[in-house]
Amino acid sequence: MTSRFWPVIHRASSEAKKATASPISSGRPARPRAVIAATPSAPDREADRPHLVSMLFLDEHYRALHRDLDRIASCAVATLRIATGEHPGDPGLSALVGDLAVRSDRFAELWAGHPVASHGYGTRRLRHPEVGDLELEQENVALADGSGHVLMMHSAAPDSPSHHALQLLRMRAADDNARH
């Protein structure tokens, strides 16, 4: 598969090397499968950042963004299983799994099935509150620097409705930035 993302990986790799993200929990050193969000509005303190897997099961607003929530949730649990196997006894992972198992019946059900899988690419079907339905290709790329960081990238097919919607969001963001 030829990636549309290769031209930006070098720049993103430099940023990822500066990050101190944990694979699952906050406040831990960087490890394999760390999630780095290139989101300007993310809280500066790592401890204040919510975990995406928690949001997927516990945050109704975040859940509403996913048109194929069950598939995404299943993938997240299977990937979380890999992380717990790679980092047995990690207190942050244990706390995350325990918290989700208690607070989300769906997580507990999926976790009990013992799924294990890595999802390096696929299609994300999202529902954006301003521009509607989006269909984005996702590709995860492990950085070759040995840091264990993985870049999760999304793109829309050229000239597709999703591509036009992303362009509209980009223009709105530029207008907002120009006003501030």
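Modeller: Buried residues make up 34% of the 180 residues in the protein. Keep in mind that this is a predicted model.

Biologist: How many helices and strands are there?

Modeller: The protein has 7 helices and 4 strands. Along the sequence the pattern reads α-β-α-α-α-α-α-β-β-β-α.

Biologist: Let's go inside. How many residues does the largest nonpolar core have?

Modeller: That core has 19 residues. Leu 56, Phe 57, Leu 80 and Phe 107 have the most contacts inside it.

Biologist: Which helices supply it with at least two residues each?

Modeller: Helix 2, helix 4 (69-86), helix 5 (91-103) and helix 6 each do. Helix 4 gives the most, with 7 residues.

Biologist: What lies apart from that core?

Modeller: Another core, of 5 residues. Leu 126, Leu 134, Ala 156 and Ala 165 are among them.

Biologist: Back to helix 4. How far does it reach?

Modeller: Helix 4 has 18 residues and reaches 26 Å from its first C-alpha to its last. That is close to the 26 Å expected at 1.5 Å a residue.

Biologist: Which of its residues are buried?

Modeller: Leu 69, Ile 72, Ala 73, Cys 75, Ala 76, Val 77, Ala 78, Leu 80, Arg 81, Ile 82 and Ala 83.

Biologist: What do they pack against?

Modeller: The buried residues of helix 4 pack against helix 2, helix 3 (60-64), helix 5, helix 6 and strand 2.

Biologist: Arg 81 is on that buried list. Where does it lie relative to Trp 111?

Modeller: Arg 81 lies over the face of Trp 111, at 3.7 Å from the ring centre.

Biologist: Now the aromatics. How many pairs turn up?

Modeller: A search of the whole structure finds 2 aromatic pairs. One of them joins Phe 57 and Phe 107 edge-to-face, 5.3 Å centre to centre, with 85 degrees between the planes.

Biologist: Which parts does that pair tie together?

Modeller: Phe 57 lies in helix 2 (residues 52-58) and Phe 107 in helix 6 (residues 105-112), so the pair links parts that are 50 residues apart in sequence.

Biologist: And how do Phe 107 and Trp 111 pair?

Modeller: Phe 107 and Trp 111 are stacked, 5.6 Å centre to centre, with 20 degrees between the planes. They sit 4 residues apart in helix 6, so about one helical turn separates them.

Biologist: Why does that spacing matter for which way residues point?

Modeller: An α-helix has 3.6 residues a turn, so residues three or four places apart point the same way.

Biologist: Switching to helix 5. Which residues there are buried?

Modeller: Gly 92, Leu 93, Leu 96, Val 97 and Leu 100. Seen down the helix 5 axis, the buried residues fall within an arc of 130 degrees, so they line one face of the helix.

Biologist: What covers them?

Modeller: Helix 2, helix 4 and helix 6 are included in the cover.

Biologist: How does the span of helix 5 compare with what it should be?

Modeller: It agrees. At 1.5 Å a residue, the 13 residues of helix 5 should span 18 Å, and the end C-alpha atoms are 18 Å apart.

Biologist: Which residues other than glycine have a positive phi?

Modeller: His 114 is one, with phi of about 55 degrees. Asp 159 is another, with phi near 65 degrees.

Biologist: Where are they?

Modeller: His 114 is in the loop between helix 6 and strand 2 (121-128). Asp 159 lies in the loop between strand 4 (149-155) and helix 7 (161-179).

Biologist: Buried or exposed?

Modeller: His 114 counts as exposed, at 54% relative accessibility. Asp 159 is exposed as well, at 59%.

Biologist: Last one. What about Asp 68, buried or exposed?

Modeller: Asp 68 counts as buried, at 12% relative accessibility. Asp 68 lies in the loop between helix 3 and helix 4.

Biologist: What does Asp 68 touch, leaving out residues up to four places away in sequence?

Modeller: Thr 123 and Arg 125. Asp 68 and Thr 123 are 55 residues apart in sequence and 9.9 Å apart in space, C-alpha to C-alpha.

Methods
Residues numbered from 1 in each chain as written. Predicted model: local features only at pLDDT ≥ 70, side-chain atom pairs only at ≥ 80, totals over all residues. Heavy atoms only, no water. Phe/Tyr/Trp six-rings, centres within 6.5 Å; stacked < 30°, edge-to-face > 60°. Lys NZ or Arg CZ within 6 Å of the ring centre and 35° of its normal. Core = buried A, V, L, I, M, F, W, Y, C linked by side-chain atoms within 4.5 Å. Buried < 20%, exposed > 50% of the residue type's maximum accessible area, 1.4 Å probe, protein only. Expected span 1.5 Å × (residues − 1). Arc of directions from axis to C-beta. Contact = heavy atoms within 4.5 Å.
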